[in-house]
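Reader: Can you walk me through this one? I'd like the ligand shell, the helix packing and the core.

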Amino acid sequence: MHRKDPHYTQAKKNGYRARSVYKLLDIQKKFNIFKRAFYILDLGSAPGSWLQISRKFAEENIKKYQDQYYHRDHFKIMGVDIKNISPIDDIKTLKIDINHPEFQNEIDNFFQFKKLDLILSDASINKSGNKFSDQIRQIRLCYRIIEIVKNNLKYKGVLVLKAFQGQDIDNLINSMKNEFKFVKSYKPQASKKQSNEIYLIGLMKK
Ligand SMILES: C[S@@+](CC[C@H](N)C(=O)[O-])C[C@H]1O[C@@H](n2cnc3c(N)ncnc32)[C@H](O)[C@@H]1O
């Protein structure tokens, strides 16, 4: 984050923990990912701005959707990172590597084996500076996340997944197409122009 970056300044002013909040808000505006989202898993959450937004929408959804269609009277949100996440009210935060075999048990315990409405991943590998190998490592992380999605996301659920453009992204998109009816790739306005990051949005899990 940079002090001269307008998104950074705006995030600070509005009490958000990171400028990445504006990427998520942009994605929400375009794809309405939080519609009827009550059970949410956020992967790579630190410092936690996506969790702040998730809570806001989940809280609103409780009041907004009280009809005969799918709704819940409570929400459950879990945020996970290898780094420490400062506590946020009403949200379960967990310090674990999402590749760790114990992670699935943590998900099962917290969500009580219920399927999730929305999985978010802004998880990003520690960049080495070598764009080629970084991209491959990021894509490998994305495949792990698709495994998590297969096991935990509900029918018609939604995924937001951060990837890096480059080799093998087409294969990744094809893997997502096996799981979702619609897959879109999107570069939010708040994403830095020079960055090769791209968000893949999976809509309507099969
Ligand atoms: C760009 S930051 C996320 C920012 C967050 N969305 C927010 O709004 O505050 C990416 C995060 O992914 C985490 N991460 C990377 N690999 C991970 C892994 N294998 N397991 C858990 N977290 C991981 C990093 O530690 C880092 O904190």
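This is a predicted model: local features need pLDDT of at least 70, side-chain atom pairs count only at pLDDT 80 or more; totals for chains, interfaces and linings use all residues.

Reader: Fine. How many residues surround the ligand, and which are the closest?

Author: The ligand is surrounded by 22 residues, and the closest are A18, G44, A46, S49 and D122. The elements that give two or more residues to that shell are α3 (49-64) and β2 (76-81).

Reader: What is the shell around the ligand like by class?

Author: It has 10 nonpolar, seven polar and five charged residues.

Reader: Switching to helices. At what angle do α5 and α6 pack?

Author: About 5°, with the axes of α5 (residues 131-152) and α6 (residues 169-179) 11 Å apart. Angles under 35 degrees count as roughly parallel, so α5 and α6 are roughly parallel to each other.

Reader: Which residues make the contact?

Author: From α5, I139, C142, I146, V149 and K150; from α6, I169, L172, S175, M176 and E179. The residues of this contact of α5 with α6 divide into seven nonpolar, one polar and two charged.

Reader: Now the core. Which residues of the largest nonpolar core touch the most other members?

Author: V21, I40, L118, I119, I145, L159 and L161, out of 50 residues in that core.

Reader: And which strand gives the most to this core?

Author: Strand β5 (residues 153-164), with seven residues.

Reader: Back to L118. What does L118 touch?

Author: Leaving out residues up to four places away in sequence, L118 touches I33, F34, A37, I40, G157 and V158. Of these, I40 is also listed among the core residues that touch the most other members.

Key:
Residues are numbered from 1 along each chain as its sequence is written. A residue is near a molecule or strand if its C-beta atom, placed from the backbone, lies within 6 Å of it. Helices (H or I, at least four residues) and strands (E, at least two) are DSSP runs, numbered from the N terminus. Ala, Val, Leu, Ile, Met, Phe, Trp, Tyr, Cys and Pro count as nonpolar, Asp, Glu, Lys and Arg as charged, and the others, Gly among them, as polar. Axes are lines fitted to C-alpha atoms, for helices over the stretch in contact, and angles run from 0 to 180 degrees between N-to-C directions. Angles under 35 degrees count as roughly parallel, over 145 as roughly antiparallel, 65 to 115 as roughly perpendicular and the rest as oblique. Two residues are in contact if their C-beta atoms, placed from the backbone, lie within 7 Å. A nonpolar core is a set of buried Ala, Val, Leu, Ile, Met, Phe, Trp, Tyr and Cys residues joined through C-beta atoms within 7 Å. A residue is buried if 20 or more other C-beta atoms lie within 10 Å of its own, exposed if 12 or fewer, and partly exposed in between; C-beta atoms are placed from the backbone.
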